[in-house]
Amino acid sequence: MQKLVDFKLPHFFNYPPYFTLQPVRDTREKQIQLWKELILDYCKTQKIFVIGLEEEFPLFTNHVIERSLTHEARAAFLSALVSEGRAAWMDKGHRKCLILWHRIQDWADILIQFAKDNGLEDGVVTIEEIRSGTESQGTGNLLMLMSYLFVKL
Amino acid sequence: MRRRPGIGGLQTHAAARDQFRLLGENVAKIRTDLMKEQLATFRSQLEDFARKHKNDIRKNPAFRSQFHEMCAKVGVDPLASNKGFWAELLGIGDFYYELGVQIVDICLATRAHNGGLINLQELCHLLRQRRKSDRGVVSEDDCLRAISKLKVLGSGFEVISVGKKKLVRSVPTELNKDHNEILELAQAQGFVTVDEVERRLSWSSGRAVDALDTLLDEGLAMIDDGHRDGKRRYWFPCVSPISSLVGVDS
């Protein structure tokens, strides 16, 4: 399980009401905006691709102030990301969510760039090669993303 | 036997009145001259003082506040006009206008979070952060002065006292007495519950819920259902500023 190390959490993370979905529209929009930024930022720095709604996730619980997000709140924040194209549900039941901290278009560019840099254009490589190849260090866990993309396309 | 008024008596009377009037005018003239002279001396003294302590006035907030107090007592407002010797001498006007602009900026930037009501301390803190170059030279007194100058722009900026704290309001929300009492109550812990409001203020449940709902609608409050006791808490970002909460970095 990942820990909240080397990650500067925003101030709002320590303010209890941000863990309850707000009933007033303006306040809720602001709240969702802050959470969206936090989730994307966190996943990007920690190289996390998938968030399970029912699983433990460091951001969803703050032990210091004894608050955690309800299922409803988690779903609301992730749905907001999905509607912006910054995330995608991986199943119909909306239990697993793929976080696209690079947009799909950007991921495609990164792959093309990767192929160009390594002279792999017009060739065939397996996903495993991209994933585990030494040349792909730093491009993160692509397997999950690509298998998702291939199912989708 | 009473003498009847004669022409001579009337003339003497008129003459005496004229004399009195002349004398009175003289006295008044001497008095005004004296006053003018005193004022001129005073003005030059004040100018001398300001010139002499120019640096102190600029750099030391406590001194600046005392200087303002002194000016207020004698009926001089150094901020009344940006022209004239005060501005040239001290640049005080510009200083406060600059502060004013920065205050408006901060209020707008934090409005989404606090609903347009911000603690004066918090505002000062943010203001100092923004003015890094000369950190620490802005006092709460300066903030209040700058805000009072913002009033000429029409309604909108106002300082309200809730309990011991001062809050700066940047939205045209009218807070009634009930709201103020709730805010005052919330200062202790940063939040209140319906129960607490009913008990501490001896209100009916409807009155408490109604006031809290209004505060919620105005964006001044946020609900928190996450506590173990299951009671809904109403938090007020304006009295428990997020920026002062210590982040959990470890």
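By about how many helical turns are D141(B) and R145(B) separated in helix α7 of chain B? They are separated by about one helical turn, because they stand four residues apart in that helix, residues 140-150. Helices here are DSSP runs of H or I with at least four residues, strands are runs of E with at least two, and both are numbered from the N terminus.

Good morning, colleagues. What I present is a predicted model, in which local features need pLDDT of at least 70 and side-chain atom pairs count only at pLDDT 80 or more, while totals for chains, interfaces and linings use all residues. Residues are numbered from 1 along each chain as its sequence is written, chains are lettered from A and ligands numbered from 1 in the order in which they are written, and side-chain values use heavy atoms, with hydrogens and water left out.

The side chains of D141(B) and R145(B) form a salt bridge, at 3.0 Å from N to O. By salt bridge I mean a side-chain nitrogen of Lys or Arg within 4 Å of a carboxyl oxygen of Asp or Glu. D141(B) is partly exposed at 23% relative accessible area, and R145(B) is partly exposed at 21%. The classes are buried, under 20%; exposed, over 50%; and partly exposed, in between, computed with a 1.4 Å probe on protein chains only.

Over all chains, the structure holds 15 salt bridges. One of them joins K36(A) and E84(A), at 2.4 Å from N to O. This pair links distant parts of chain A, 48 residues apart: K36(A) lies in helix α1 and E84(A) in the loop between α2 and β4. K36(A) is buried at 9%, whereas E84(A) is partly exposed at 38%.

In chain B, E158(B) and R169(B) meet in a salt bridge at 2.6 Å, N to O. That pair connects strand β2 with strand β3, its members being eleven residues apart. E158(B) is partly exposed at 31%, while R169(B) is buried at 9%.

I turn finally to the interface. Contact, meaning heavy atoms within 4.5 Å, involves 20 residues from chain A and 25 from chain B. How many salt bridges are there between chain A and chain B? There are two. R228(B) pairs with E66(A) in a salt bridge, their closest N and O atoms lying 2.9 Å apart.
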